[in-house]
Amino acid sequence: MKKEIAITAYKCKKCGKIHYPFHDRCLDCKGREFEKIKPEGNAKLLTFTTIFNLPWGFDQRYLVIGVVEFENKVKAMGQIKADSVDQLKIGMKVKPTWEPVRVQYGEDVYGLKFEPMK
Amino acid sequence: MRDVAIIGAGMIPFGRRDEDTLMDMLSYASLKALDDAGLGDKSVDAVYVANMGGGMLQHQSAIASSLVDRLSLLPAAAETIENGPASGASAVKNGLLAIASGYYDTILVVGGEKMREVTGWRATDFVATMTHPQAEYPYGITLPGMAGMFTRLYMEKYGVTREHLLAISLKNQEMGTLNPYAHVEMALDRGGIYDSPHAIVNNPVSADPLHLYDLCPVSDGAAALVLCTVEIAKKTGKPYVVIAGFGQATDTHTLAEREDPTDLKAVTLAAQQAFAMAKLKPSDVSVAELHDAFTILEIAESEHVGFFKKGEGGKAAVAGKTRLGGQIPINVSGGLKARGHPVGGTGVAQIVDIVWQLRHELPENRQVKNAEVGLTVNFGGFGNNVLCFILRRVQP
Amino acid sequence: MPVDMELEMVLRPPQIPMPPYPPKTITLANGKVMVIRQAVREDVPAILKSVHPCLFIERDYYDIVSARLYGELLAWYRYRVKSEYCLMGQVDGYLVGIVNGRLENEKVGMSYHTLAIDRGLRIGSHLFAAKMEYHMDYMGQDEVLIVAESPIGFRRWMIEYPLELTHIPHELGGGDSYRLTREIYLKAKQRLVVGDRPVSQALMDEAMLDIKFADDDTIRERIAGLKGR
Ligand SMILES: CC(C)(COP(=O)(O)OP(=O)(O)OC[C@H]1O[C@@H](n2cnc3c(N)ncnc32)[C@H](O)[C@@H]1OP(=O)(O)O)[C@@H](O)C(=O)NCCC(=O)NCCS
Ligand SMILES: [Zn+2]
């Protein structure tokens with residue numbers, strides 16, 4: 001079953017700046033009221049890396065991680081579904097999904113994953 | 001504000017210190033600094049202890065209270081300062097302000113970490129706990145991973161190449177072989193880590209485009225300083241060091257929220273504040289210790305503090321401008337790359353190395369001739385909490 | 001004491017013939033050249049001298065690994081083990097690392113131990129890779145069974161290759177074996193198995209001359225060392 005992307009971004013009601021994650025006051029104007037928004041559409045890959053020395057809690061050999069910007073300007077980190085960075089390029093389109101990103105205390109933890117688009 | 005001097009500096013060799021507890025290391029370094037200051041059995045007014053991981057790695061809290069007791073410095077005021085990998089410089093700053101304010105006269109600042117008590121996986125996880133707990137940490141991001149993403153952008157924007165990064169690894173590990181306190185005392189060979197087809201195993205990718213030898217090791221270690229008023233320092237009759245300027249600034253917690261992630265705003269601001277306070281400019285600096293947890297950081301920081309224009313730092317390193325004898329010698333100690341990076345200890349260790357430089361007491365092969373002004377950058381988080389110090393030699 | 005050869009013939013297990021491992025050289029991170037070559041039975045007493053000081057180093061499980069390696073090499077020397085081999089790394093003639101293993105049968109290899117006497121140079125990774133290369137490329141085996149006795153070993157073999165977990169017990173006791181299959185090997189080979197052949201006569205002569213080994217204190221210092229306070 002496909003899961004909905006469960007992160008919430010926050011748009012400042014005073015100046016329109018978009019935040020993710022949550023801040024109690026707007027990073028630009030100190031406004032305290034935000035409109036909750038969902039990241040929308042596909043995303044653009046801003047930067048990425050493959051991590052080979054993973055922390056405790058990961059059994060795989062490596063993990064590709066990146067930062068993206070969604071069509072509505074929300075920026076976030078996530079795991080990238082790619083075998084190698086050779087398939088990736090800064091600025092390329094990626095398709096977001098909400099999937100298990102790690103296991104903690106025997107339970108799946110869900111988060112953002114991005115699939116490179118041709 | 002009163003001027004503040006440094007009259008004592010001490011360090012223990014970094015590396016794997018299996019036989020020593022965290023408290024052992026903090027004590028040894030403290031005694032070295034106290035003895036160096038010539039305090040004899042005199043006490044200090046206060047003790048600031050920089051440590052990031054005692055709670056997580058050693059399951060120990062209230063480390064400063066324990067240390068004053070162990071060192072028989074009771075009833076000196078004492079506290080532990082945790083500010084990620086910038087804990088060391090933060091503790092020095094707190095000492096500086098406490099003396100500058102006129103409240104205390106003599107302060108011991110000590111920073112240390114025992115990271116090799118746990119396996120590499122746990123140490124990596126411990127360091128990663130400074131990332132955002134919801135927006136970053138769950139994905140498996142690590143500090144080397146952050147640095148990898150930063151490097152990719154920096155390469156794209158400023159044309160930094162692996163050749164530039166290599167110059168930093170080679171220089172710093174070469175300098176490390178001359179430093180008896182360094183964790184890694186092995187000079188690297190360009191062929192072995194880059195040119196030869198065997199380099200793929202010797203120097204594998206850690207977080208691309210960064211390779212193993214672009215990263216600092218995980219270390220145990222501690223370093224300490226004695227700060228005091230200038231009046232007390234003068235009485236020693238020996239050359240001493242004053243803290244001419246400092247600056248500190250913060251930046252967004254997540255990398256994603258930075259307008260331009262290649263712009264290390266906190267480094268620029270911290271350096272600007274420090275130079276303004278010291279009434280000096282980058283060209284006045286004789287020697288610098290920059291926070292090269294990753295080779296790219298030495299390049300980026302050398303640009304952000306103003307030694308080189310953006311995009312010029314890597315070329316300057318390749319041209320030898322940052323070597324001993326060059327335009328601005330950087331990380332003559334070997335830096336974090338070779339000295340090692342016991343997170344809470346690093347900020348203090350950098351200043352200890354600069355103090356030795358400014359007192360002109362290092363062996364010729366590591367001494368910057370006639371060093372008058374030194375600069376340090378201690379880089380916390382991934383650049384979200386940065387301190388810069390400017391130190392000046394005083395000849396009484 | 002004279003050996004009762006008649007009884008010996010009963011005690012000595014049959015050997016599966018093993019082709020030679022062709023020596024190779026590897027340039028290390030510090031620029032030094034390591035020769036990896038196969039030890040012959042007569043090398044064992046010299047090798048044991050280098051293993052001996054490691055018996056008393058608790059750090060990173062050197063004690064258990066070297067104690068077992070010591071026993072295994074002795075067993076080979078005294079003809080008590082089936083088809084054992086040993087590869088070693090030498091820099092300037094000095095012994096810097098040892099790996100060993102044996103053949104379970106023609107198709108299945110049993111990996112024993114990897115001991116790096118010089119540290120921080122990925123010598124263990126290179127030697128372990130040479131061992132896998134021997135099983136796969138020179139002995140044409142289908143799989144090798146492996147267990148790790150230290151966290152570092154686990155990281156370097158199980159995760160880096162990565163090996164697959166089986167439920168086959170390993171000869172060293174302990175847990176179930178991990179397995180290197182031909183498929184895993186071929187995938188990992190280009191990033192983990194390196195080396196130049198043939199080895200120049202000069203380097204070979206130096207390596208064969210007399211295995212040099214550092215004195216006990218130096219070996220201990222290299223592995224567990226910390227220059228005094
Ligand atoms: C690079 C890294 C992954 C290597 O880990 P590893 O492969 O498990 O290394 P090992 O512990 O097996 O090291 C074996 C030897 O290699 C050498 N070594 C390890 N890391 C090294 C490095 N980065 N540079 C040079 N030599 C290194 C040391 O000599 C070490 O010997 P020691 O055991 O006496 O310390 C690890 O050092 C690391 O994670 N560094 C980054 C630390 C970090 O992020 N700090 C916080 C930054 S803010
Ligand atoms: Zn706003």
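Helices (H or I, at least four residues) and strands (E, at least two) are DSSP runs, numbered from the N terminus. By that convention A:D108 lies in strand β8 of chain A, which covers residues 107–116. The structure is a predicted model, in which local features need pLDDT of at least 70 and side-chain atom pairs count only at pLDDT 80 or more, while totals for chains, interfaces and linings use all residues. Residues are numbered from 1 along each chain as its sequence is written, chains are lettered from A and ligands numbered from 1 in the order in which they are written, and side-chain values use heavy atoms, with hydrogens and water left out.

Chain A contains 0 helices and 8 strands, and along the sequence its pattern reads β-β-β-β-β-β-β-β. Its C-alpha atoms fill a box of roughly 45 × 35 × 30 Å, taken along the principal axes. Of the 118 residues in chain A, 48% are buried, where buried means under 20% relative accessible area, exposed over 50%, and partly exposed in between (1.4 Å probe, protein chains only). Contact means heavy atoms within 4.5 Å, and among contacts in chain A between residues at least 6 apart in sequence, 46% join residues at least 24 apart.

Within this chain, A:D108 has a relative accessibility of 45% and therefore counts as partly exposed. Leaving aside residues up to four places away in sequence, A:D108 touches A:P100, A:R102 and A:V103.

In chain B, the axes of helix α4 (residues 87–100) and helix α15 (residues 343–358) come within 5 Å and cross at roughly 60°; axes are lines fitted to C-alpha atoms, for helices over the stretch in contact, and angles run from 0 to 180 degrees between N-to-C directions. The two helices, α4(B) and α15(B), are therefore oblique to each other, given that angles under 35 degrees count as roughly parallel, over 145 as roughly antiparallel, 65 to 115 as roughly perpendicular and the rest as oblique. On the α4(B) side the contact involves B:S87, B:G88, B:A89 and B:V92, which meet B:G344, B:G347, B:V348 and B:I351 in α15(B). By class, this contact has 4 nonpolar, 4 polar and no charged residues, with Ala, Val, Leu, Ile, Met, Phe, Trp, Tyr, Cys and Pro counted as nonpolar, Asp, Glu, Lys and Arg as charged, and the others, Gly among them, as polar.

In chain C, helix α2 (residues 44–51) and helix α3 (residues 62–77) pack at an angle of about 170°, with their axes 10 Å apart, and α2(C) and α3(C) are therefore roughly antiparallel to each other. The residues of this contact divide into 11 nonpolar, 1 polar and no charged. Among those in α2(C) are C:I47 and C:L48, and the α3(C) residues include C:L69, C:Y70 and C:W76.

Elsewhere in chain C, C:M9 lies in helix α1 (residues 5–11) and, at 53% relative accessibility, counts as exposed. The C-alpha atoms of C:M9 and C:Y79 are separated by 9.8 Å, although these residues are 70 apart along the chain.

## Backbone features in loops

Most residues other than glycine have a negative phi, and most peptide bonds are trans. The table gathers the exceptions described for this model.

| Site | Backbone feature |
|---|---|
| A:Y20 and A:P21 | cis peptide bond, omega about 0° |
| B:D208 to B:P209 | cis peptide bond, omega near 5° |
| B:N331 | positive phi of about 55° |
| C:D92 | positive phi of about 55° |

A:P21 is placed in the loop between β2 (18–19) and β3 (34–37) of chain A, and B:P209 in the loop between β5 (205–207) and β6 (210–211) of chain B. B:N331 is found in the loop between α13 (313–318) and α14 (335–339) of chain B, where its relative accessibility of 0% makes it count as buried. C:D92 sits in the loop between β3 (84–91) and β4 (94–103) of chain C, and with a relative accessible area of 34% it is partly exposed.
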